[in-house]
Amino acid sequence: ELSAHRCHARGCQVEVPSERLMCKPHWWMVPSTLRSRVWKTYVPGQCDLSPSPSRGWHEAADAAIAAVVKGEARLKATRVLRELEDRFGEDFECAWW
């Protein structure tokens with residue numbers, strides 16, 4: 001039987017099957033080209049049968065994790081901007097946005 005591990009998105013505590021990199025919500029934040037790259041470089045059972053998955057898989061996985069970090073930062077910035085607009089009105093403008 002294959003083991004489980006936690007989603008590889010930073011700070012996520014959701015357990016996922018070992019053949020999955022992330023939980024569904026985080027996985028769907030990854031662009032489809034990167035998701036395809038992760039699957040193309042994945043070897044079934046690699047985490048359970050081998051101590052070190054391929055370099056290609058690690059590169060694809062790292063890129064997918066970075067995409068989630070970027071996506072979550074964008075979501076957080078959007079939430080903060082909406083809170084500021086709610087507080088100061090719709091005409092609120094932010095120089096960094």
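I take a pocket to be an open set of points, on a 1 Å grid over the protein atoms alone, with protein on both sides within 12 Å along at least five of seven lines, its lining residues having an atom within 4 Å of a point. I note that the model is predicted, that local features need pLDDT of at least 70 and side-chain atom pairs pLDDT 80 or more, while totals for chains, interfaces and linings use all residues. Residues are numbered from 1 along each chain as its sequence is written, and side-chain values use heavy atoms, without hydrogens and water.

I looked up the largest pocket and found a volume of about 220 Å³, a volume being the space filled by probe spheres set on the points. Its lining has 18 residues, with Arg-20, Leu-21, Met-22, Trp-27 and Trp-39 nearest the centre. At least two lining residues come from each of H1 (24-27), H2 (32-41) and H3 (46-49), helices being DSSP runs (H or I, at least four residues).

I then turned to H2 and H4 (residues 55-88), which pack at about 155° with axes 8 Å apart, the axes being lines fitted to C-alpha atoms over the stretch in contact and angles running from 0 to 180 degrees between N-to-C directions. The two helices are therefore roughly antiparallel, a term for angles over 145 degrees. On the H2 side, Leu-34, Arg-37, Val-38 and Thr-41 meet residues of H4 including Trp-57 and Glu-59, contact meaning heavy atoms within 4.5 Å.

How values were computed
On a 1 Å grid over the protein atoms alone, a cavity is a set of points where a 1.4 Å probe fits but cannot get out, and a pocket is an open set with protein on both sides within 12 Å along at least five of seven lines; lining residues have an atom within 4 Å of a point. Angles under 35 degrees count as roughly parallel, over 145 as roughly antiparallel, 65 to 115 as roughly perpendicular and the rest as oblique.
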